[in-house]
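Thanks for making time this morning. I would like to walk you through one structure, beginning with a few individual residues and then stepping back to the chain as a whole.

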Amino acid sequence: MYRVIAKTKGMPREEWLRLRRCGIGGSDAGAVCGVNPYSSPMKVFRDKTGGETEEVNSEAVRTGHDLEQYVAERFMEASGLKVRRANVMYASVEHPFMIADVDRLVTGMDAGLECKTVSAYGADQWADGNVPPHYALQCYHYMAVTGRKTWYIAALVMGREFVYRKLIWDDRLVWKLVETEERFWNDQVMKGVMPE
């Protein structure tokens, strides 16, 4: 069960960043679990507690943002499914520290879509139906918050290929993810204790 905590359409970026600090979002999940090669529990802690927050404003981030709609359109073309923007930020009712600002929802289905633009150097991580672990945890986080049982992830591997994968609810994995995030939020963030 979830609740809407904000409408994000037209929201100023500063306000959106402030809201993200109020809980653990999907892009934080892999870092909190220690599987994100680009982030860490310490970085998430600093972001949530008002420490040295660094907003990543790299070319890769800009490209991902600018091409999100293109990836969504490619997904619709490849899958035959229709998607729409949610334009809201969700929070779990049972675990209010878990928040979600999802890329797209799949129309007429109990499903969502995460859109990615990735470097050709990471193409091997998508081989044989795989999904990089930090991206998979992002999708499972969104399932945990929204209660949706399926999440698609679509990736434009720059200059190489377009791929998409379907992730299905996994009770054990979702339970473990919620437990890990809850421990991090309560024992680290709320107590102001920096992770090792």
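Before I point at anything, one cut-off: a residue is called buried when its relative accessible area is under 20%, exposed when that area is over 50%, and partly exposed in between. Please also keep in mind that what you see is a predicted model.

With that cut-off in hand, let me start at Ser92, which belongs to strand S3. Its relative accessible area is 4%, so Ser92 counts as buried. Which residues does Ser92 touch, once we leave aside its neighbours within four places in sequence? Its contacts are Met1, Tyr2, Met98 and Val145. The side chain of Ser92 also makes polar contacts with backbone nitrogens: the nitrogen of His95 is reached at 2.9 Å, and the nitrogen of Glu94 is reached at 3.4 Å.

Next, please turn to Gln188, which sits in helix H7, the helix that runs over residues 171–189. Is Gln188 buried or exposed? Its relative accessibility is 19%, and because the limit for buried is under 20%, Gln188 counts as buried. A polar atom of the Gln188 side chain lies 2.5 Å from the backbone oxygen of Val193.

Now for two residues whose backbone angles deserve a look. Most residues other than glycine have a negative phi. Asn87, although it is not a glycine, has a positive phi of about 60°, and you will find Asn87 in the loop between strand S2, residues 83–84, and strand S3, residues 88–92. At 29% relative accessibility, Asn87 counts as partly exposed. The other residue is Asp128, again not a glycine, with a positive phi near 55°. Asp128 is placed in the loop between strand S6, residues 111–118, and helix H6, residues 133–146, and with a relative accessible area of 79% Asp128 is exposed.

Let me finish with the chain as a whole. The protein chain has 7 helices and 8 strands. Its radius of gyration is 16 Å, close to the 16 Å that the globule rule gives for 196 residues, and therefore the chain is as compact as a globular protein of that length. Taken along the principal axes, the C-alpha atoms fill a box of roughly 45 × 35 × 35 Å. Of the 196 residues, 45% count as buried, and of the contacts between residues at least 6 apart in sequence, 69% join residues at least 24 apart. The accessible surface comes to about 10,600 Å², with 50% of it belonging to carbon and sulfur atoms. As for charge, there are 26 positive and 27 negative side chains, and the centres of these two sets lie 4 Å apart.

Notes. Residues are numbered from 1 along each chain as its sequence is written. This is a predicted model: local features need pLDDT of at least 70, side-chain atom pairs count only at pLDDT 80 or more; totals for chains, interfaces and linings use all residues. Side-chain values use heavy atoms; hydrogens and water are left out. Helices (H or I, at least four residues) and strands (E, at least two) are DSSP runs, numbered from the N terminus. The radius of gyration is taken over C-alpha atoms; the globule rule is 2.2 Å times the number of residues to the power 0.38. Buried means under 20% relative accessible area, exposed over 50%, partly exposed in between (1.4 Å probe, protein chains only). Contact means heavy atoms within 4.5 Å. Accessible areas come from the Shrake-Rupley method with a 1.4 Å probe; for residues, only the protein chains shown count as cover. Lys and Arg count as positive and Asp and Glu as negative; His and the chain ends are not counted. The place of a charge is taken as NZ of Lys, CZ of Arg, CG of Asp or CD of Glu. A polar contact is a pair of N or O atoms within 3.5 Å; within protein, one must be able to donate a hydrogen and the other to accept it, and residues adjacent in sequence count only if both atoms are side-chain atoms.
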